[in-house]
Every structure is written in structure tokens, then in C-alpha cells.
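Thanks for coming. I have one structure to go through today, and I will keep it brief.

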Amino acid sequence: MPYTEDRSTWFEGQGLWQHVPESDWKDWTWQLKNRLTKLEDLERYMTLTPDERAGVLFAGHKLAMAITPYFFNLIDRNNPNCPIRLQMIPRAGEGQLHAEEMLDSLGEDEHSPVPGLVHRYPDRVLFLVTDRCASYCRYCTRSRLVSNAQDYNFHPEYEQGLRYIESHPEIRDVLLSGGDPLLLSDRKLDHLLGRLRAIKHLEFIRIGSRIPVFLPQRITPELCEILKKHGPIWMSIHVNHPKEATAELRDACERLSFAGVPLGNQSVLLKGVNDDADVMKALVHRLLRMRVRPYYLYQMDLITGGAHFKVDVRKGLEIIQALRGHTTGYAIPQYVIDAPGGGGKVPVNPNYIEKITDEEVVFKNYEGRTFRYPLTATPVVEGETVEKPVKLHEELHG
Ligand code: SF4
């Protein structure tokens, strides 16, 4: 059945936690303290499938389980195939390894000059400032270190990281990530952003965070003031399915936008979650309404125990093709594969070009009609008529 939704409603309210005072519900520290982290926490509210039960029992060996009450409300407890449930509740498949999978699928560790800093491209660095998240995504690329379930013992060295950036004038761009940087206290973030902003050669500071999605309560006026003070700070959020676009997330994005934070979204293409053109279209439309520009659609990285989420790249191309020309250009993310082992992001696009010669480019448009764009400049001889673009199209189709 094609995916449909009521575009005029945005999920809101306290759901299963009606009994909790609103002041607690809106307090991000309450949300963190009351996360569902154990089998019995889940079984208090829902019946797990045997596959999920086995997954939850295994999770402690791979990536801890944690779900904020706010995000747990989005789970359909009667549907094991609920797209939010698939992202949050572990499955037995996490324990199944495949030959193509890697612990460090993007080769980050070998490009790490100091703990927590990845310097792969000449002009930019990835600064991993924590290994904690508000909730844990079952397909996390950094599950080797995030939540420390695999005893990676990640200890970010802020001072060493900052000194490294200060002493490398070629670095003009830093991405704060982790784990989730917005889990740091206001005081720590203020200090970190202040130190980064003071580095003269640093032009571009961005934060990768799923906190607005898992814990919109964290986007407080105080946090927004800090981001504004050190701005421009760009932010990539991470929404995979339109159900995640709630009234709370929309309002959090508005607060960030009004604090001068440009927002983009990164989605991961996940089997059963968003590997469907109608779902993706609903998602990108909601993002635009929340002031968020769809930025990347990632082919999932080859992480250990992730095969049950893997989508055929041809399906991803089909989804992009279903968007291009069929909706607002701003709504279309760039589909990329992060090259396994650390080759960087490579765009993958549907092929519209049929032929390129010295004379012309022949290509198809979104409807499958063929056009040609001449690469030559032929002077018009007096008395001759100029060929119109429509004629160029007709010519190819006889
Ligand atoms: S929020 Fe990001 S870092 Fe944290 S578990 Fe999800 S994908 Fe991994």
C-alpha cells in the first residue's frame, strides 16, 4: 500500500507519560534520566517479537539500547514493522556478521592524529567530542565506539584536539560530532565553541546532531543563545522518516533557525524505514516545512551486524528519480555512498545523459523525453531561421 499521511497534523503531546508534570516532560534532563534502556523497560509497555527480544539481550555487546520517552511515543507498539521501532529496538540480526562488514567502515581510526580527531581531508577535520547519544540508532556507523558497549574506551582529548586545529592553518572547517555534541553541558559547549571561534583560520563550524530529533527539549533558549553568540554555527540533523517530524521537532528547528543556525538533514537509506519513494517524498516535504534543507541521503555504511538494514543502490536511485522533477528542487537530497575504507563521499545519481560528443549533449528529462544541448556555436547566416529548442526535441523523436 502506498504511504499516505495527514499533512495537516504534527504529532504532539506526552503520549504514554500523561501522568508526568509538563515541567518534567519538557526538561531534557528528565527525558535522559527516564530513558528506556533495559528489556524490562520495553516489556512494561509492549510485547516484543522473539527477534527483538534476542536483539535486546545482545545489544549490550554491540551498541547499548536507549530510547527517550519522547521518542518512544512515536513507536507503533502493535506493529513490529514500524519504521521508528526498526531504528530503535535491536534485532537478532545485529549479532550476525558478514564478510563485507567492518568495525571501522570509514577508516577513521587510521586518520586520527590525536584521540577524537579525524583528519582525512586537507582542509577539514571531524572532532568527536563524546561517545554518548540521547538514543541509539541500531545502524550507527560509529557503533564501535558509541555507547562504549564494545569496550572501545573512547576518551576525547579536547585540549589536544584544539591545539592540533590551532597549529594546522590549512584546516578551515570543523565538524563536531560523536556521539552527540549537544549532550555536552551548556558550559562545555560554550567553552568549546568559543575556543574554536577564536582560531582565526577556522572559517566554518558545524555540528552533526540527532538531539533535536530524540530530545527536542534540549534546544533551550540558553543553548540557542550560545549557538547565536558563536555563530554562524551550521547544523546537520538526522531525520529518516516523516513520523519523526513532530510538533516538538518543528518548534526546536524554529528556535535553532531563529538563532541563526542554518539547518540541513542527513538521512540513511534503511530497509523497511524509508526505502520507498512516497515515504521519502513525505519526509522531504516535512523537512522543508520545518526550515530544514534535505542535504544527504546516505547509502548505509558496511557496519558489523547491519545487513538487515541494507538497501539495493538501484532502489536508492529509483527514489531520487521519483523526486527529481516531481517535487521542489530544494527538497532533493544528494544520494551518496561513503566509500568503504575511507574514500570519502561519492555522489550517486540516476543517469540522465545518453551521449556527449564535441557537438552536443543528449539527455533525458524527468519524464523520459530526450533533448539535446548543442556544444557548438554556429553563426546564423543572414536569411536563415534559428532552430527553436522545441524543434531540437522533435527532431530526435522524428
Ligand atoms: S545519533 Fe548518530 S552517533 Fe548517535 S547512535 Fe545515532 S547515528 Fe550513531
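I will start at a loop. Asn153 counts as exposed, because there are 9 C-beta neighbours inside 10 Å and the cut-off for exposed is 12 or fewer. Keep in mind that this is a predicted model. Asn153 is found in the loop between strand 2 and helix 7, and its phi is near 50°, a positive value in a residue other than glycine. Asn148 sits in the loop between strand 2 (124-128) and helix 7 (158-166). There phi is near 60°, again positive and again not a glycine. Asn148 is partly exposed, with 15 other C-beta atoms within 10 Å. As background, most residues other than glycine have a negative phi, and most peptide bonds are trans.

Gly179 is in the loop between strand 3 (173-177) and helix 8 (186-197). Another cis bond joins Gly231 and Pro232, with omega about 0°. Pro232 lies in the loop between helix 10 (221-229) and strand 5 (233-237).

Next, the ligand. Which residues are around it? They are Cys133, Tyr136, Cys137, Cys140, Arg142, Val146, Gly178, Gly179, Asp180 and Arg210. By class, the shell has five nonpolar, two polar and three charged residues.

Tyr136 comes up again in the core. The largest nonpolar core has 86 residues, and Val125, Phe127, Tyr136, Tyr139 and Val174 touch the most other members. Helix 12 gives the largest share, six residues. Where does this core lie relative to domain 1 and domain 2? Domain 1 (15-95) and domain 2 (109-347) both give residues to the core, so it lies between them. The contacts of Tyr136, leaving out residues up to four places away in sequence, are Leu63, Ala64, Met65, Ala66, Val146 and Ser147.

The assignment also gives a domain 3, at 353-397. The centres of domain 1 and domain 3, taken over C-alpha atoms, are 57 Å apart.

Last, helix 13, residues 313-323. Gly316, Ile319 and Leu323 are buried there. Seen down the helix axis, the buried residues fall within an arc of 60°, so they line one face of helix 13. They pack against strand 6 (263-269), helix 12 (277-289), strand 7 (293-299) and strand 8 (334-339). Just after helix 13, Gly325 takes a positive phi of about 85°.

That is what I have.

Technical notes. Residues numbered from 1 in each chain as written. Predicted model: local features only at pLDDT ≥ 70, side-chain atom pairs only at ≥ 80, totals over all residues. Near = placed C-beta within 6 Å. Nonpolar A, V, L, I, M, F, W, Y, C, P; charged D, E, K, R; others polar. Domains from an automatic or database assignment. Buried ≥ 20, exposed ≤ 12 C-beta atoms within 10 Å, placed from the backbone. Helix = DSSP H or I, 4+ residues; strand = E, 2+ residues; numbered from the N terminus. Arc of directions from axis to C-beta. Contact = placed C-beta atoms within 7 Å. Core = buried A, V, L, I, M, F, W, Y, C linked by C-beta atoms within 7 Å.
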